Amino acid sequence: MGLFSRKKKVRRDILTPEELAELELLKQQEGVKIYDPTKNKNELSLKVSEAYTDDIGQKIARIDSDSMNIIGVVDGDVIEIIGKRRTIAKCLPRYSLDEEDGIIRIDGMDRNNSDTSTGDIVMIRKIIVYEA
């Protein structure tokens, strides 16, 4: 049957051209789902950095305002942080003194929950949270 089995989700961005050609055939024949991260505009990849001292233990993720606009969040919205595992945090803007772009500031608890370290790349996206 080849590299791909039926009803398996496959990430398009990690495949070789030969694998992509085989996948396209299977997609037409058997309906294999393809996850293409370039199609979802509400996701963003950022580099993990240390949290501010005041944010430690508060489940707060700080990103720059341009990144907030790209994924469509406002102050206080909940985002999902996807590393090797997933976690959620409240999204707030970074302080104006912080000049570095393309980073997300999360504390050690959130880095542990997402199984990432400082310097790793994570994917973030807005999620909808309903009250219990």
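Visitor: Leaving aside its neighbours within four places in sequence, which residues is serine 49 in contact with?

Guide: Some ground rules come before the answer. This is a predicted model, in which local features need pLDDT of at least 70, side-chain atom pairs count only at pLDDT 80 or more, and totals for chains, interfaces and linings use all residues. Residues are numbered from 1 along each chain as its sequence is written, and side-chain values use heavy atoms, with hydrogens and water left out.

Now the answer. Serine 49 is in contact (heavy atoms within 4.5 Å) with Ile103, Ile104, Arg105, Ile106, Arg111 and Thr118, its neighbours within four places in sequence being left aside. Serine 49 itself lies in strand 3. Helices (H or I, at least four residues) and strands (E, at least two) are DSSP runs, numbered from the N terminus. With a relative accessible area of 16%, serine 49 is buried. Buried means under 20% relative accessible area, exposed means over 50%, and partly exposed is in between, with a 1.4 Å probe and protein chains only. One of the residues in that list, arginine 105, is joined to serine 49 by a polar contact of 3.4 Å between the side chains. A polar contact is a pair of N or O atoms within 3.5 Å; within protein, one must be able to donate a hydrogen and the other to accept it, and residues adjacent in sequence count only if both atoms are side-chain atoms.

Next comes the loop between strand 3 and strand 4, where alanine 51 has its place. Alanine 51 counts as buried, at 15% relative accessibility. Not counting residues up to four places away in sequence, alanine 51 touches Arg105, Ile106, Asp107 and Arg111. For alanine 51 and aspartate 107, the C-alpha atoms are 4.8 Å apart in space, while the residues are 56 apart in sequence.

The structure holds one aromatic pair. Tyrosine 52 and tyrosine 95 form this pair, which is stacked, with 4.3 Å centre to centre and 25° between the planes. Tyrosine 52 lies in the loop between strand 3 (43–50) and strand 4 (60–63), and tyrosine 95 in the loop between strand 6 (86–93) and strand 7 (103–106), so the pair ties together parts that are 43 residues apart in sequence. Rings of Phe, Tyr and Trp (its six-membered ring) pair if their centres lie within 6.5 Å; planes under 30 degrees apart count as stacked, over 60 as edge-to-face and the rest as tilted. Tyrosine 52 is buried, at a relative accessible area of 16%, whereas tyrosine 95 is partly exposed, at 36%.

A nonpolar core is a set of buried Ala, Val, Leu, Ile, Met, Phe, Trp, Tyr and Cys residues joined through side-chain atoms within 4.5 Å. The largest such core has 16 residues, and those with the most contacts inside it include Ala61, Ile63, Ile71 and Ile104. Among the elements that give two or more residues to this core are strand 3, strand 4, helix 2 (65–71) and strand 7. Isoleucine 63 touches, among others, Leu46, Met68, Ile71, Ile104 and Ile124, not counting residues up to four places away in sequence.

Aspartate 110 lies in helix 3. Aspartate 110 counts as buried, at 0% relative accessibility, and a polar contact of 2.7 Å joins its side chain to that of lysine 59. Its contacts, leaving aside neighbours within four places in sequence, are Lys59, Ile60, Thr87, Ile88 and Ala89.

Last, the chain as a whole. The chain has three helices and eight strands, and buried residues make up 36% of its 132 residues. Among contacts between residues at least 6 apart in sequence, 68% join residues at least 24 apart. The mean pLDDT (the predictor's confidence in each residue, from 0 to 100) of the chain is 80, and 73% of residues reach 70 or more. Confidence is highest in helix 3 (residues 108–113), at a mean of 95, and lowest in strand 2 (residues 34–35), at 48.
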